[in-house]
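This report describes selected local features of one protein model, working from covalent links to strands, backbone angles, aromatic rings and charged side chains. Please keep the structure in view while reading.

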Amino acid sequence: MLVSSLVLSACASALSLPSCDASSVSCKAKADSCCVPTNGVMVLAVQWLPGYCAGTGNRCTHDVLDRLPKDKWTIHAEKGLWPDDCDGFQVSDCDPKRTYRDAAKRIKDSPLYKNMTDLWVSFKGGLDKDFNDFWSHEFAKHGTCYSPADPKCVGSTYGADVERFFHDTLVITDKYNIHAALRDSGIVPSKTAGYKSEDIQKAIVTAFGDLSVGLVCKGPYLAEIRLGLIGVGGGQVAKNGDVYLPSTCPRYGVMYALEHPDHPAVGLVENEDDDE
């Protein structure tokens, strides 16, 4: 498990999460917006930072790579969990009044904080400012569109809305363990092996059932995987969804970079803004 059940239980208790009907599903009539997201089509984006770093000309220093948790994909630093509307169109910045600049401070005393520093990391570094900047961005752009995190649902306690969005994102990431899914199909990090995109997608569907899968590569390197989900109640948070997710990886020769390479491969340098 990526996130210990003890930590998640402690967070859930602190958040006083509502009791929700397990049969409630987003985008259905009369669904409680505090239990299932109003923008109920959701895309979970997880990253393989070693692949991103190799494919963008080694933008990451060794101290960033060396602090990554072993055998785990992390939550994408700029994307994470995207709530989309029920037609599958991305929404963002839904509540300008909650464009916080201090998201890290708002969860600093939460048992969630340690999991966030392990699992929601960026190539930019691991300083408090680095975490705060992109966590604040992530909540303002995507978390404010996640209705179960609305103050009317979690109360006005300082940081409760931020904590709810991050808590639920970690729960979903824990449920969809990409590293284990690939490993169980024989797809493991390697210096030399190249994989088929079709086999990577098939491994994920084999592990989790039929759902939309989008692969993102930087050059030939697998850097990100996106999953199409639907919000549900009863503590389930999300289930598989049918969402259009394009892939950018080659059909053959997809490289799954080693976690802690002695000599990181030099890949294609791409000048692009990864702020999604």
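Which cysteine does a disulfide join to cysteine 217? The partner is cysteine 249, with a distance of 2.0 Å from S to S.

## Basis of the description

The model is a predicted one, in which local features need pLDDT of at least 70 and side-chain atom pairs count only at pLDDT 80 or more, while totals for chains, interfaces and linings use all residues. Residues are numbered from 1 along each chain as its sequence is written, and side-chain values use heavy atoms, with hydrogens and water left out.

## Disulfides

The structure holds 5 disulfides, a disulfide being a pair of cysteine sulfur atoms within 2.5 Å. For the pair of cysteine 217 and cysteine 249, the torsion about the S-S bond is about 95°, so this disulfide is right-handed. Cysteine 217 lies in strand β5 (residues 213–218) and cysteine 249 in the loop between β7 (237–240) and β8 (254–255), so the link ties together parts that are 32 residues apart in sequence. Helices (H or I, at least four residues) and strands (E, at least two) are DSSP runs, numbered from the N terminus. Cysteine 217 and cysteine 249 are both buried, where buried means under 20% relative accessible area, exposed over 50%, and partly exposed in between (1.4 Å probe, protein chains only).

Another disulfide is formed by cysteine 27 and cysteine 86, whose sulfur atoms are 1.9 Å apart; the torsion about their S-S bond is about -90°, so this link is left-handed. The pair connects distant parts of the chain, 59 residues apart, with cysteine 27 in the loop between α1 (5–15) and β1 (41–47) and cysteine 86 in the loop between β3 (81–84) and α4 (103–106). Cysteine 27 is partly exposed at a relative accessible area of 36%, and cysteine 86 is partly exposed at 39%. Cysteine 94 is joined to cysteine 145 at 2.0 Å, S to S, in a right-handed link with 95° about the S-S bond. Cysteine 94 lies in the loop between β3 and α4 and cysteine 145 in the loop between α6 (128–141) and α7 (151–154), so parts 51 residues apart in sequence are tied together. Within this pair, cysteine 94 is partly exposed, with a relative accessible area of 38%, whereas cysteine 145 is buried at 3%.

## Strand pairing and positive phi

Strand β6 (residues 221–232) runs antiparallel to β7 and is joined to that strand by 4 bridges; two strands pair if DSSP finds at least two bridges between them. Glycine 231 stands opposite alanine 238 in β7. The two strands, β6 and β7, form a hairpin with 4 residues between them, and glycine 234 in the turn has a positive phi of about 70°.

Valine 237, which lies in strand β7, has a phi near 70°, a positive value in a residue other than glycine, and is buried with a relative accessible area of 12%. Aspartate 71 also has a positive phi, near 60°; its place is in the loop between α3 (62–66) and β2 (74–75), where aspartate 71 is partly exposed at 35% relative accessible area.

## Aromatic rings

There are 14 aromatic pairs, counted when rings of Phe, Tyr and Trp (its six-membered ring) have centres within 6.5 Å, with planes under 30 degrees apart taken as stacked, over 60 as edge-to-face and the rest as tilted. Tryptophan 48 and tyrosine 256 make an edge-to-face pair, 5.1 Å centre to centre with 65° between the planes. Tryptophan 48 sits in the loop between β1 and α2 (49–55) and tyrosine 256 in the segment after β8, 208 residues apart. Tryptophan 48 is buried at 2% relative accessible area, and tyrosine 256 counts as buried at 1%.

One aromatic cluster includes Tyr100, Tyr113, Trp120 and Phe131 among its members. Arginine 106 lies over the face of tyrosine 100, at 3.5 Å from the ring centre, by a rule that requires NZ of Lys or CZ of Arg within 6 Å of the ring centre and within 35 degrees of the ring normal.

## Salt bridges

The count of salt bridges comes to 8, each being a side-chain nitrogen of Lys or Arg within 4 Å of a carboxyl oxygen of Asp or Glu. Arginine 226 forms one with glutamate 224, their closest N and O atoms being 2.6 Å apart, and both of these residues are buried. Salt bridges that share partners join Asp95, Arg98, Asp150 and Asp161 into one network.
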